[in-house]
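Here are my notes on the model, as numbered points. Please keep the structure open while reading.

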Amino acid sequence: DISFAMRQYYYSTQDQKFLQDVAWPVVSGVAEFWASRVNFNLKTNQYEILGVVGPDEHALVQNNSVFTNVIAQVSLKTGVEFAKLVSKKAPANWTEISEKMTILFDEKMQIHPEFQGYAGQLINQPDVVLIDYPLMQAKNRTAPDVVLIDYPLMQAKNRTIALNDLAYYQNRTDDQSFFTGYNVYSILWLQYGFSEKGSSTLLRTYEFIQKPFNVWHECLSGCHQNFITGAGSFIQNMLFGFRRNSLIRGQAKFFASIAGRPRHHCHHLSRVSEDELS
């Protein structure tokens, strides 16, 4: 996630000093970590990541978490991309591992199973759908260079897969789950143009506001009493859900009106000032 965040910051600012002094040391370190963490499966001819806890932490330790494997893939691709930008040579295995990473997919159901052996049980919070937002990787699961996927331009089949994941996992999210999830689901519905579905999902988040100070709680009862992560997801919904803004390499899309009545501006990024981004 940190590598992805640095990539997005660099895309939005083109800050060369940040790239050299801050981003590259971290991004390369993250890529090195993932390269050391994989196992090669001789039967499938793919790399796997075993024994991890994904965002749906109540699932505990699992193998080949889809989100974990995708973020590892993105991190390795980002390492290769940033190496070129700083005139370094990335290790060859970064590309090999990212291209042969195991990304589970159920051909019959046309969804991504949350982890190896997932059997449809309730989940505690979004996991698989995070590969779509914020990672933007669900649109084209077979692309050899998945990090450069151009959102929101997507083929119908890939849009269908992303919506399948969204509907499937929202319906399997525990009603007593963590607050953050409803904003993630809402953002995705809104980004795909389902305004009513996105709005009704957003309303669920208000159940987590607790008096007397009207702060967001992590759970309907108990858990963290002033849940800053949840507050952050609400803010993201205003920017990337209802406003449907997006940022990819070299291009930012800013919508001038709320989802459902879009008028947008497409800004090709070279060096963007703080005023332009505000």
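**Notes on the predicted model**

1. Asparagine 45 counts as partly exposed, at 41% relative accessibility. Buried means under 20% relative accessible area, exposed over 50%, and partly exposed in between (1.4 Å probe, protein chains only). Asparagine 45 sits in the loop between β1 (39-41) and β2 (46-48). Its phi is near 60°, a positive value in a residue other than glycine.

2. A word on conventions. This is a predicted model, in which local features need pLDDT of at least 70 and side-chain atom pairs count only at pLDDT 80 or more, while totals for chains, interfaces and linings use all residues. Residues are numbered from 1 along each chain as its sequence is written, and side-chain values use heavy atoms, with hydrogens and water left out.

3. Serine 87 also calls for a look at its backbone. Its phi is positive, about 60°, although serine 87 is not a glycine. Serine 87 is in the loop between α3 and α4 (92-99). With a relative accessible area of 68%, serine 87 is exposed.

4. Check the peptide bond from lysine 211 to proline 212: it is cis, with omega near 10°. Proline 212 belongs to the loop between β3 (209-210) and β4 (215-216).

5. The disulfide count is one, where a disulfide is a pair of cysteine sulfur atoms within 2.5 Å. Cysteine 219 and cysteine 223 form it, with their sulfur atoms 2.0 Å apart. The link is left-handed, with -75° about the S-S bond. Cysteine 219 is buried, at 5% relative accessible area. Cysteine 223 is partly exposed, at 40%.

6. Now the helix pair. Helix α2 (residues 16-37) and helix α3 (residues 66-85) pack at an angle of about 135°, with axes 8 Å apart. Axes are lines fitted to C-alpha atoms, for helices over the stretch in contact, and angles run from 0 to 180 degrees between N-to-C directions. The two helices are therefore oblique to each other; angles under 35 degrees count as roughly parallel, over 145 as roughly antiparallel, 65 to 115 as roughly perpendicular and the rest as oblique.

7. Which residues of α2 meet α3? Among them are Leu19, Trp24 and Trp34 in α2, while the α3 side includes Leu76, Gly79 and Phe82. Contact means heavy atoms within 4.5 Å.

8. Overall, the chain has nine helices and seven strands. These are DSSP runs, numbered from the N terminus: helices are H or I with at least four residues, strands E with at least two. Of the 278 residues, 51% count as buried.
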